[in-house]
Amino acid sequence: MSAQKMREVARQIQGLPAAQAQAVLAVVPRKSARLFAKTLKSAIANAEHNNQLKIETLWVKVATAGTAPTMKRFTPKARGSAGPILKRSSHIKIVLTDE
């Protein structure tokens, strides 16, 4: 999914407590929200397991989506020509803090 579509959801959760961000992502009807929810769940699990932090104290400090390599494909067009298809992808980054 393109980074531009992902950034719309990233802006909605930035600066929220982690539990509230999960609730927001659960009701947003976009595919990018499901992908961010999966990444946020993983970040929370890492914070709890690796740093022994509580979910109540965590909040989303940074939520970004950067561009990743684009797959380039072609589809047949009229009169023997080819039209490009750009399959865009993105890198999701979520930073949690307890400060």
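Biologist: Which residues does Thr-97 touch, not counting residues up to four places away in sequence?

Modeller: Contact means heavy atoms within 4.5 Å. By that rule, Thr-97 touches Thr-57, Leu-58, Trp-59 and Lys-61. This is a predicted model, so local features need pLDDT of at least 70 and side-chain atom pairs pLDDT 80 or more, while totals for chains, interfaces and linings use all residues. Residues are numbered from 1 along each chain as its sequence is written, and side-chain values use heavy atoms, leaving out hydrogens and water.

Biologist: Is Thr-97 buried or exposed?

Modeller: Buried means under 20% relative accessible area, exposed over 50%, and partly exposed in between (1.4 Å probe, protein chains only). Thr-97 has 10%, so it is buried. You will find Thr-97 in strand β4, residues 90-97 (strands are DSSP runs of E, at least two residues, and helices H or I, at least four, numbered from the N terminus).

Biologist: Now the helices: at what angle do α2 and α3 pack?

Modeller: Axes are lines fitted to C-alpha atoms over the stretch in contact, with angles from 0 to 180 degrees between N-to-C directions. Under 35 degrees is roughly parallel, over 145 roughly antiparallel, 65 to 115 roughly perpendicular, and the rest oblique. Helix α2 (residues 18-27) and helix α3 (residues 31-51) pack at about 155°, with axes 9 Å apart; they are therefore roughly antiparallel. On the α2 side, Ala-18, Ala-21, Gln-22 and Leu-25 meet α3 residues including Phe-36 and Leu-40.

Biologist: And how are α1 and α3 oriented to each other?

Modeller: Helix α1 (residues 3-13) packs against α3 at about 55°, so the two are oblique.
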